[in-house]
Amino acid sequence: AAPILAAFQRRHPETAVVSTFDVESTKTVGLVTRIENEASTPRCDLFWNNEILHTQRLEHAGLLQSVSWDVPSNWPKPMRSPRGTWIAFAARARVLLVNRDLLPNRGDWPESVMELSDPKWQQKCAVALPLFGTTATHFTILQAKLGSERAAQWFRSVKQNAIVLSGNKQVAQAVSSGQVAMGLTDTDDALIEIDNGLPVAIVFPDQKSDQLGTLLIPNTLAVLKNCPHPRAARSLGNFLLSEDIEGRLAMGPSGNIPVRPGHAQDSRAAPPKTTRYMEVDFDKAAAEWESAAATLRTIYRGE
């Protein structure tokens with residue numbers, strides 16, 4: 001983010017960009033909590049977030065303002081709020097990373113996220129603790145898809161079957177080091193291991209017609225209601241939504257997958273053109289957040 005924000009600053013010297021980043025231990029939750037606590041006197045103008053359900057939570061709380069975003073009219077409907085309060089771009093995919101030394105035969109590679117509960121992968125697969133980060137988002141979306149009872153059963157099976165690690169980075173490292181044969185992670189963490197020349201490969205899961213498809217978790221932009229600098233916030237937001245910036249994010253270390261229809265730049269993560277992506281009602285999924293979080297705390301921490 002830093003060099004991209006610096007590029008905006010150079011083009012708009014009259015606007016001072018002051019960045020505040022979250023820390024890895026709290027993921028996005030820390031900044032969301034701060035925004036909630038500052039609701040009566042907002043300090044944040046523009047929230048650039050890579051975990052969409054937390055943006056939705058802010059929308060549900062009435063903390064975002066409607067914006068006329070400078071994007072094409074055919075921007076995908078799931079990637080924008082019907083109320084104009086947020087817009088999504090530059091997505092990461094939730095993927096399975098496999099160790100090619102441990103699984104040299106492609107026919108042995110997992111095909112579905114649901115295999116994390118399959119006894120054949122007992123202690124040979126890994127998942128991040130699903131209380132924070134994109135794994136919490138992913139599991140919440142799965143609860144919205146599967147229903148509370150079926151999802152809770154799967155959550156318990158995954159805990160019993162998989163090695164649970166602190167984050168997606170640790171999952172990717174466990175796969176690349178051979179500690180496990182496969183794990184669930186994000187494309188950006190998977191790319192780090194590939195860039196380091198380690199024997200891993202990305203699987204875009206759930207591609208069969210009776211499966212859910214690969215989950216995309218996009219970045220989102222939102223302008224805070226009653227923020228001190230709304231015009232500057234909209235200007236920066238529309239800069240970040242531009243074709244050029246989404247292309248930079250696709251080519252950059254994270255290998256984000258462009259949301260803009262017909263974008264010429266492919267993601268560095270190289271998803272196949274035929275990849276089926278999960279259809280997600282992010283609004284419905286956000287409504288499941290508190291319920292899913294409580295279930296996951298009970299299962300994974302005994303709370």
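This is a predicted model: local features need pLDDT of at least 70, side-chain atom pairs count only at pLDDT 80 or more; totals for chains, interfaces and linings use all residues.
I started with Thr275, which sits in the loop between H9 and H10. My helices are DSSP runs of H or I with at least four residues, strands are E runs of at least two, and both are numbered from the N terminus. Residues are numbered from 1 along each chain as its sequence is written, and side-chain values use heavy atoms, with hydrogens and water left out.

**Thr275, continued**

Is Thr275 buried or exposed? Its relative accessibility is 10%, so I put Thr275 down as buried (under 20% relative accessible area; exposed is over 50%, partly exposed in between, with a 1.4 Å probe and protein chains only). I then followed its side chain, which reaches the backbone oxygen of Pro272 at 2.7 Å. Leaving aside neighbours within four places in sequence, I found Thr275 in contact (heavy atoms within 4.5 Å) with Phe204, Gln207 and Thr214.

**Thr85**

Next I went to Thr85, in the loop between helix H3 (52-60) and strand S2 (87-99). Thr85 has 7% relative accessibility and therefore counts as buried. Its side chain makes a polar contact of 2.4 Å with the side chain of Glu59. For the record, a polar contact is a pair of N or O atoms within 3.5 Å; within protein, one must be able to donate a hydrogen and the other to accept it, and residues adjacent in sequence count only if both atoms are side-chain atoms. Not counting residues up to four places away in sequence, Thr85 touches Glu59, Leu64, Gln65, Ser66, Leu221, Ala222 and Val223.

**H3**

What covers them? Just after H3, I spotted Gly62 with a positive phi of about 75 degrees.

**H1 and its partners**

I looked at H1 (residues 2-11) against H9 (residues 243-251): the angle is about 155 degrees and the axes are 11 Å apart. That makes the pair roughly antiparallel. Axes here are lines fitted to C-alpha atoms, for helices over the stretch in contact, with angles from 0 to 180 degrees between N-to-C directions. Under 35 degrees is roughly parallel, over 145 roughly antiparallel, 65 to 115 roughly perpendicular, and the rest oblique. From H1, the contact uses Pro3, Ile4, Ala7 and Arg11; from H9, Asp244, Ile245, Arg248 and Leu249.

Then I checked H1 with helix H8 (residues 230-240), whose axes come within 11 Å and cross at roughly 120 degrees. H1 and H8 are therefore oblique to each other. Here Ile4, Leu5, Ala7, Phe8 and Arg11 of H1 meet Ser235, Leu236, Phe239 and Leu240 of H8.

Last stop was Arg10, also in H1. At 62% relative accessibility, I logged Arg10 as exposed. Arg10 and Leu216 are 206 residues apart in sequence and, C-alpha to C-alpha, 32 Å apart in space.
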